[in-house]
Amino acid sequence: MDAHQSKALRQKYSSALMSNHKWRKLFLVMAKHGSDFSGIEYRFTDTDNVLFGHAPSPQQVWETAIDDPVEGAGGPVEYKHIESVFIPFKYSYRLHERASLQERALNVGAFLRALERVGTFPITETEKGIVIHGYKT
């Protein structure tokens, strides 16, 4: 089964930009310097659906997967299935269903500076946040 998935990934993408080791380093830095990050958009290789989540805790960062910071994923997510991760500069939320929309700035700059100390990563900055790319099409 894994060989079939790997072949499908090679057909869909021209190259992988992140290894398990790099994803692990990135998520460990996020756990330390972005532990309050919410509103993160996770995109996957096998679906067009975008799932939302938060930063993982250090205990949720495994060798080949992250354990459950992604809402609706139903458990651990293997790094090789992450197409990209979007971290917004600002996170919008409601305290309850009828409450007004609240906004909280995320300290993405501190996270990026910490990330630079551990390596080089395929990151694109947009008007609304940053995208960490897992694959190149």
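Tutor: Happy to! One term first: two residues are in contact when they have heavy atoms within 4.5 Å of each other. Please also keep in mind that this is a predicted model.

Let's take helix α2, which spans residues 20–33. This helix lies across three strands, β2, β6 and β10, and runs at about 20° to β6. Those strands belong to an open sheet of 5 strands, in the order β3-β2-β6-β10-β9, with antiparallel pairing. At the edges are β3 (50–54) and β9 (123–125), each of which pairs on one side only. From one strand to the next, the twist averages 25°.

Now look at what packs together. The largest nonpolar core has 27 residues, and Leu26, Phe27 and Ile87 are those with the most contacts inside it. Two or more residues each come from α2, β2, β6, α3 (108–116) and β10. The largest share, 5 residues, comes from α2.

Leaving aside residues up to four places away in sequence, Phe27 touches Tyr42, Pro56, Val61, Ile66, Tyr79, Ile82 and Val85.

Side chains of opposite charge can pair when their charged atoms come close. Arg24 and Glu63 form a salt bridge, with their closest N and O atoms 3.3 Å apart. Arg24 sits in helix α2 and Glu63 in the loop between β3 and β4 (65–67), so this pair links distant parts of the chain, 39 residues apart. Arg24 is partly exposed, with a relative accessible area of 27%, while Glu63 is exposed, at 56%.

The whole structure has 4 salt bridges. Another of them joins Asp36 and Arg104, also at 3.3 Å from N to O. Because Asp36 lies in the loop between α2 and β2 and Arg104 in strand β8 (residues 102–105), the pair ties together parts that are 68 residues apart in sequence. Asp36 is partly exposed at 40% relative accessibility, and Arg104 is partly exposed with a relative accessible area of 25%.

Finally, return to Arg43. Its salt bridge is with Glu41, where the closest N and O atoms are 3.6 Å apart. Arg43 counts as partly exposed, at 34% relative accessibility.

Definitions and conventions
Residues are numbered from 1 along each chain as its sequence is written. This is a predicted model: local features need pLDDT of at least 70, side-chain atom pairs count only at pLDDT 80 or more; totals for chains, interfaces and linings use all residues. Side-chain values use heavy atoms; hydrogens and water are left out. Two strands pair if DSSP finds at least two bridges between them. Helices (H or I, at least four residues) and strands (E, at least two) are DSSP runs, numbered from the N terminus. Axes are lines fitted to C-alpha atoms, for helices over the stretch in contact, and angles run from 0 to 180 degrees between N-to-C directions. A nonpolar core is a set of buried Ala, Val, Leu, Ile, Met, Phe, Trp, Tyr and Cys residues joined through side-chain atoms within 4.5 Å. Buried means under 20% relative accessible area, exposed over 50%, partly exposed in between (1.4 Å probe, protein chains only). A salt bridge is a side-chain nitrogen of Lys or Arg within 4 Å of a carboxyl oxygen of Asp or Glu.
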